[in-house]
Amino acid sequence: MAETERGRRILSTDRLELREMTRQDLPALRSILQDPATMTHYEGAFSEDMVESWLTRMLQRYRDDGYALWAVELKDIGEMIGQCGITRQPQAETTVDEVGYLFHRDHWHHGYATEAARACRDFAFNQLGVETVWAHVRDTNLASMNVAIRLGMTVRTRFVKHYRGVEMPHLGFAVDREHD
Ligand SMILES: CC(C)(COP(=O)(O)OP(=O)(O)OC[C@H]1O[C@@H](n2cnc3c(N)ncnc32)[C@H](O)[C@@H]1OP(=O)(O)O)[C@@H](O)C(=O)NCCC(=O)NCCS
């Protein structure tokens with residue numbers, strides 16, 4: 001039962017464990033999505049309703065696509081410190097696979113986002129058979145651009161997202177699967 005409550009295990013890295021989120025993760029999710037500094041590039045902290053629908057959307061994506069953002073736990077303390085994973089995202093006239101990462105502010109600057117995102121990039125290539133992994137980054141979000149660069153990504157395109165009533169210029173970073 002404990003395994004079910006914690007959500008299905010997906011992958012692990014040296015320091016991190018990635019697993020599906022469950023409703024038990026709402027407090028940890030709130031501490032990330034309701035922190036104004038963390039959510040600067042999403043136009044501010046989420047309301048309770050927005051946190052609920054964020055989680056509901058992820059649980060639906062697990063069912064529909066088999067993947068979405070997962071909970072990232074620090075193995076040392078066994079606590080959720082962030083979210084990272086792969087989601088299907090619209091881009092121009094098509095849909096692409098995007099790596100996403102949002103971490104609790106207490107756990108920035110330790111390399112955890114890059115460690116988790118690298119593992120998700122490789123999961124997309126090796127388990128999902130994806131040819132190109134994208135990262136959609138708002139043009140103000142330098143920390144996120146640096147994660148994309150650490151994943152070996154380059155800028156491929158620019159586009160504008162309309163979110164929370166705001167026009168947000170974005171850069172489309174991507175990396176292609178290597179073939180033997
Ligand atoms: C984007 C975000 C996840 C980046 O987090 P981050 O901690 O800066 O990213 P990394 O995991 O790559 O960590 C790199 C830092 O850890 C340091 N570091 C320390 N120990 C390290 C280790 N063992 N290995 C690698 N880096 C290490 C690096 O020197 C670097 O430091 P710096 O940021 O001071 O230059 C974080 O800023 C965030 O959650 N932002 C809010 C949500 C968001 O905007 N998400 C992106 C949406 S597109």
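Predicted model: local features only at pLDDT ≥ 70, side-chain atom pairs only at ≥ 80, totals over all residues.
Residues are numbered from 1 along each chain as its sequence is written, and side-chain values use heavy atoms, with hydrogens and water left out.

Q: Which residues come nearest to the ligand?
A: A residue is near a molecule if one of its heavy atoms lies within 4 Å of it. There are 19 residues around the ligand. Those that come nearest are Tyr101, His109, Thr114, Asn141 and Arg150.

Q: How many residues of the shell around the ligand are charged?
A: Ala, Val, Leu, Ile, Met, Phe, Trp, Tyr, Cys and Pro count as nonpolar, Asp, Glu, Lys and Arg as charged, and the others, Gly among them, as polar. The shell holds nine nonpolar and eight polar residues. The number of charged residues is two.

Q: Which element gives the largest share of the shell around the ligand?
A: Helices (H or I, at least four residues) and strands (E, at least two) are DSSP runs, numbered from the N terminus. Two or more shell residues come from each of strand E5 (94-103), helix H4 (112-126) and helix H5 (142-150). The largest share, four residues, is that of H5.

Q: Is Arg138 buried or exposed?
A: Arg138 is placed in strand E6 (residues 132-138). Its side chain makes a polar contact with the side chain of Glu43 at 2.9 Å; such a contact is a pair of N or O atoms within 3.5 Å, where within protein one must be able to donate a hydrogen and the other to accept it, and residues adjacent in sequence count only if both atoms are side-chain atoms. Buried means under 20% relative accessible area, exposed over 50%, and partly exposed in between (1.4 Å probe, protein chains only). Because its relative accessible area is 13%, Arg138 is buried.

Q: What is the relative accessible area of Ala92?
A: Ala92 is found in the loop between E4 and E5. Its phi is near 55°, a positive value in a residue other than glycine. Ala92 is exposed, with a relative accessible area of 77%.

Q: What value is phi of Arg164 near?
A: Arg164 lies in the loop between E7 and strand E8 (166-176). Arg164 is partly exposed, with a relative accessible area of 34%. Its phi is positive, in a residue other than glycine, and is near 50°.

Q: How far apart in space are Tyr163 and Thr132, C-alpha to C-alpha?
A: Tyr163 belongs to strand E7 (residues 154-163). It is partly exposed, at 28% relative accessible area. Tyr163 and Thr132 are 31 residues apart in sequence, and their C-alpha distance is 25 Å.

Q: What separates the C-alpha atoms of Asp122 and Asp176?
A: Asp122 lies in helix H4. At 30% relative accessibility, Asp122 counts as partly exposed. Asp122 and Asp176 are 54 residues apart along the chain, and their C-alpha atoms are separated by 11 Å.
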